[in-house]
Amino acid sequence: MANIAVIFDVGNVLYHWNPRVLYERLIDDDRALDAFLRDVVTLDWHFQHDQGRPFAETSAELIARHPEQAALIRVWGERFIDSIGPAVEGMPQIVRALHAGGIPLFAITNFSDEFWAPFRAREADLFALFSDIVVSGTEKLVKPDPAIYRLALGRFGLNAGQALFIDDREENILGAEAEGMRGHLFRDAATLRRDLAGLDLIGPAAA
């Protein structure tokens, strides 16, 4: 399929992300760890960073509610990059194969602006293959808000029909499809490679 660009999500598509990976090094008791992740540094709380709120503000508010957990809350900001694991198996190979085939690569990620810079620097070799990346915390727009897809398409110089969007969350895929993009709900690299091969964007995996 000619004239198609591929737009990736980042977390749990290109790279594993799980706050438990950070905090299991600091909290030995599994029940205490579960409670801390469930009741204190929740995903809803972290989503504020993806929306553009600075960690200094959100952490101060959270520490006011949970002063006994102040040190552990601060670790989120100090060591957030440690919650981002290695690349998802098979995905760097897919990215490099698409790039080698001349397929334009972009990304739209729900990610804190302040946490993004050190992570992008850590993974500079892979992200250098992307023509542009829209970061929600920088734009203060988050998926699946239609505005972030429209902003991205404009920045990338694409019509919606030229874009294949890959994300691990169904609501984000539905948001992209509502704007006219083709969507792929990510589950694993092997399934993605089969779909990309079916669109003539990449070769099949080596036997």
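Asp-200 is exposed, with a relative accessible area of 62%, where exposed denotes over 50%, buried under 20% and partly exposed the range in between (1.4 Å probe, protein chains only). Although Asp-200 is not a glycine, its phi is positive, at about 60°. The residue lies in the segment after helix 12 (189-198); helices (H or I, at least four residues) and strands (E, at least two) are DSSP runs numbered from the N terminus. The model is a predicted one, in which local features need pLDDT of at least 70 and side-chain atom pairs count only at pLDDT 80 or more, while totals for chains, interfaces and linings use all residues. Residues are numbered from 1 along each chain as its sequence is written, and side-chain values use heavy atoms, with hydrogens and water left out.

Another non-glycine residue with a positive phi, near 60°, is Lys-140. Lys-140 is found in the loop between helix 9 and helix 10 and counts as exposed at 56% relative accessibility. Pro-144 lies in the loop between helix 9 and helix 10 as well, and a cis peptide bond with omega of about 5° joins Lys-143 to Pro-144.

Five strands form an open sheet with parallel pairing, in the order 5-4-1-6-7; two strands pair if DSSP finds at least two bridges between them. Strand 5 (132-135) and strand 7 (182-185) each have a single partner strand, so one side of each is left without a neighbour in the sheet. From one strand to the next, the twist averages 20°. Strand 1 (residues 5-8) pairs with strand 6 (residues 163-167) over four bridges, with Ile-7 opposite Phe-165 and Val-6 bridged to Leu-164. Three bridges join strand 1 to strand 4, where Phe-8 stands opposite Ala-107. In a regular strand the side chains alternate between the two faces of the sheet. Both faces of strand 1 are covered, with Ala-5 and Ile-7 buried on one side and Val-6 and Phe-8 buried on the other.

Helix 10 (residues 146-156) lies across strands 1, 4, 5 and 6 and runs at about 155° to strand 5. Helix 11 (residues 170-178) lies across strands 6 and 7, at about 165° to strand 6. These angles run from 0 to 180 degrees between N-to-C directions, the axes being lines fitted to C-alpha atoms, for helices over the stretch in contact; contact means heavy atoms within 4.5 Å.

The largest nonpolar core has 53 residues, of which Val-6, Phe-8, Tyr-23, Val-41, Met-91 and Leu-98 touch the most other members. Such a core is a set of buried Ala, Val, Leu, Ile, Met, Phe, Trp, Tyr and Cys residues joined through side-chain atoms within 4.5 Å. Helix 5 (residues 70-78) provides the largest share of this core, five residues. Beyond its neighbours within four places in sequence, Tyr-23 contacts residues including Leu-33, Phe-36, Leu-72 and Trp-76. Another core, of 18 residues, lies apart and includes Phe-106, Leu-158, Ala-160 and Met-181.

In helix 3 (residues 43-50), Trp-45, His-46, Gln-48, His-49 and Asp-50 are buried. The buried residues of helix 3 pack against strand 2 (15-17) and helices 4, 5, 7 and 9. Just after helix 3, Gly-52 takes a positive phi of about 110°.
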